Amino acid sequence: MQAQTPIWYDGSEVEPASINKVGILGAGLMGGGIAICCVQHGLQVVLKDVKQDWLDAGVMAITGIWMSQVKRGRLPEAKAKGYLAMIKPTLAFEDFTDCDLIVEAVPEIMDLKKQAEQ
């Protein structure tokens, strides 16, 4: 039996897909940080969690980060409010239907991951 030579494909002929909206599963520390990065690079964000109070806490943390930058003079208040408008908090997976990319940012607790995926 003769060994086959592997065929290498470097992807140079493929046009990357554009990403305009990102869905983030998990509104905790990691999900919130990802949301901040995405929004500050011009991407709409759908931020989902399994409980309303966890979702609210995540949005409040994001808001607090941007408002502290406003207080320090590093970010105009209008821009901070514009950033917040780019985040859609949700409890429903249906809001991910028009997302170009979905990022899972749920803590490594298997019961929680299973709950988040339902």
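Helices (H or I, at least four residues) and strands (E, at least two) are DSSP runs, numbered from the N terminus. This is a predicted model, in which local features need pLDDT of at least 70 and side-chain atom pairs count only at pLDDT 80 or more, while totals for chains, interfaces and linings use all residues. Residues are numbered from 1 along each chain as its sequence is written, and side-chain values use heavy atoms, with hydrogens and water left out.

Begin by selecting T90, which has its place in strand β3. With a relative accessibility of 5%, T90 counts as buried (buried means under 20% relative accessible area, exposed over 50%, partly exposed in between, with a 1.4 Å probe and protein chains only). The side chain of T90 reaches the backbone nitrogen of A92 at 3.0 Å. Leaving out residues up to four places away in sequence, T90 touches V46, L47, K48, D49, L55 and D95, where contact means heavy atoms within 4.5 Å.

Next, select strand β2, where 4 of the 5 residues are buried. Strands β1 and β2 pair in the parallel sense over 5 bridges (two strands pair if DSSP finds at least two bridges between them), and L25 stands opposite K48 in β2.

Now move to helix α2, residues 52-71, whose 20 residues reach 28 Å from the first C-alpha to the last, close to the 28 Å expected (the expected span is 1.5 Å times one less than the number of residues). Colour L55, G58, I62, W66 and V70, which are buried in α2; they cover an arc of only 125° around the axis, which puts them on the same side of α2. That arc is taken from the directions from the helix axis to the C-beta atoms. On the other side of α2, D53, M60 and K71 are exposed. What covers the buried residues of α2 includes α1 (29-40), β2 (44-48), α3 (77-85) and β3 (87-90). After α2 comes G73, whose phi is positive, near 80°.

Finally, show the largest nonpolar core, which has 20 residues, with I24, V39, V45, L47, I62, W66 and I87 having the most contacts inside it. A nonpolar core is a set of buried Ala, Val, Leu, Ile, Met, Phe, Trp, Tyr and Cys residues joined through side-chain atoms within 4.5 Å. The elements that give two or more residues to this core are β1 (21-25), α1, β2, α2 and α3. Apart from this core lies another, of 5 residues, among them L25, V46, F96 and C99.

Definitions and conventions
A polar contact is a pair of N or O atoms within 3.5 Å; within protein, one must be able to donate a hydrogen and the other to accept it, and residues adjacent in sequence count only if both atoms are side-chain atoms.
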